[in-house]
Amino acid sequence: MTNEAYLPVSYFAAAAGGVALAAATAAVLARPEREATAEHAPGPLARIVRRVLPTWLILAALMGFASVTYFDCHHDSYSKIVADRDHLVHKTGEQASAISNYLAVALAAYGLVLVFFLWARAAGRRTARRTTFRKVL
Amino acid sequence: MNGLVAWIALAAAAGALVAVMAGLMRKPMQDLLTANRHMAPAAKFYGRAFVIVISLAALAAVVGADFPCPQQAQEKAFMGWVWWTADGLKPVFWSLSGFLMGYVLLLTILFGILGRYRDE
């Protein structure tokens, strides 16, 4: 395969791989996430929290993919970039690495969002119990 | 060819490290997350997300490893590839320790906020 052909193939394959990895991660976590947000949750908020995960992960993967540039001091034009196969291979690896890193950070950040969701739910239950107790008194 | 073997060794070492970390954290994390009924429904999510996060962190470090130029690769002896593998493990350790600390911080926040609620 020539470098001219390798560049677009590797570029779009990296993007597609990143989106697929994000979608697979969201699919693996879909069931536990539903369990975490289901019980007595405020309906619309639980739906938002559930639906935001795949979107969030796909955006993070694309952000990681787009954060890598092919230009540097020795490769400042398209002709220089496409002439260097090692550079192209290296950049594809860098894209895969950035996608994985961004996905890991996004997932950990989503864990923090879920903490606040669970907190809101626990606080809501407590308030509901107190109100019921006062009504009984 | 030697480069591919060295890269596979690097990936295997990173995978083994991830497996050991996941194994060590599994039980205490389950105990922590099932402490009360407010956290319990999310126990599976956090357990699974932890394994995915550290796997992605290790994957990022492994696929980001720099291969030597073809000229240098041909001149490398066995120990040259061992050093290359050890050098490749350095970012794996950094990445895993960073994400591990981050996740422990997340669990601390979770327990700090929800741990004070008691089951009634």
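What follows is a set of questions and answers on a predicted model of chains A and B.

Reader: How do you know which residues the numbers and letters refer to, and what confidence is needed?
Author: Residues are numbered from 1 along each chain as its sequence is written, while chains are lettered from A and ligands numbered from 1 in the order in which they are written. This is a predicted model, in which local features need pLDDT of at least 70 and side-chain atom pairs count only at pLDDT 80 or more, whereas totals for chains, interfaces and linings use all residues.

Reader: How confident is the predictor in chain A and in chain B?
Author: The scale is pLDDT, the predictor's confidence in each residue, from 0 to 100. Chain A averages 89, with 90% of the residues at 70 or more. Chain B also has a mean of 89, and 97% of its residues reach 70 or more. In chain B, the lowest confidence is in helix H3 (residues 70-75), at a mean of 75, and the highest is in H2(B), at 95. For the model, ipTM is 0.86 and pTM is 0.88.

Reader: How does the radius of gyration of chain B stand against that of a compact globule?
Author: The radius is taken over C-alpha atoms, and the globule rule is 2.2 Å times the number of residues to the power 0.38. For 120 residues the rule gives a value near 14 Å, but chain B has 19 Å. The C-alpha trace of chain B spans about 70 × 20 × 15 Å along its principal axes.

Reader: How does the reach of H4(B) compare with the expected span?
Author: The expected span of a helix is 1.5 Å times one less than its number of residues. H4(B) has 37 residues and reaches 53 Å from first C-alpha to last, close to the expected 54 Å.

Reader: Why is A:Ala83 called partly exposed?
Author: A residue is buried if 20 or more other C-beta atoms (placed from the backbone) lie within 10 Å of its own, exposed if 12 or fewer, and partly exposed in between. A:Ala83, in helix H3 (residues 78-83) of chain A, has 13 C-beta neighbours inside 10 Å, so it counts as partly exposed. Its C-alpha is 28 Å from that of A:Ala61, 22 residues apart along the chain.

Reader: Which residues of H4(B) are buried?
Author: Among them are B:Trp84, B:Gly88, B:Val92, B:Phe99 and B:Tyr103. Of the 120 residues of chain B, 29% count as buried; of the 137 residues of chain A, 29% do.

Reader: What makes a set of residues a nonpolar core, and which have the most contacts inside the largest?
Author: A nonpolar core is a set of buried Ala, Val, Leu, Ile, Met, Phe, Trp, Tyr and Cys residues joined through C-beta atoms within 7 Å. The largest has 56 residues, and those with the most contacts inside it are A:Ala61, A:Leu103, A:Ala104, B:Val53 and B:Ala57. H4(A) supplies the largest share of this core, 15 residues.

Reader: What makes two residues a contact, and how many residues of each chain take part between A and B?
Author: Two residues are in contact if their C-beta atoms, placed from the backbone, lie within 7 Å. The contact takes 27 residues from chain B and 26 residues from chain A. On the side of chain B that touches chain A, H2(B) gives the largest share, 12 residues.

Terms used:
Helices (H or I, at least four residues) and strands (E, at least two) are DSSP runs, numbered from the N terminus.
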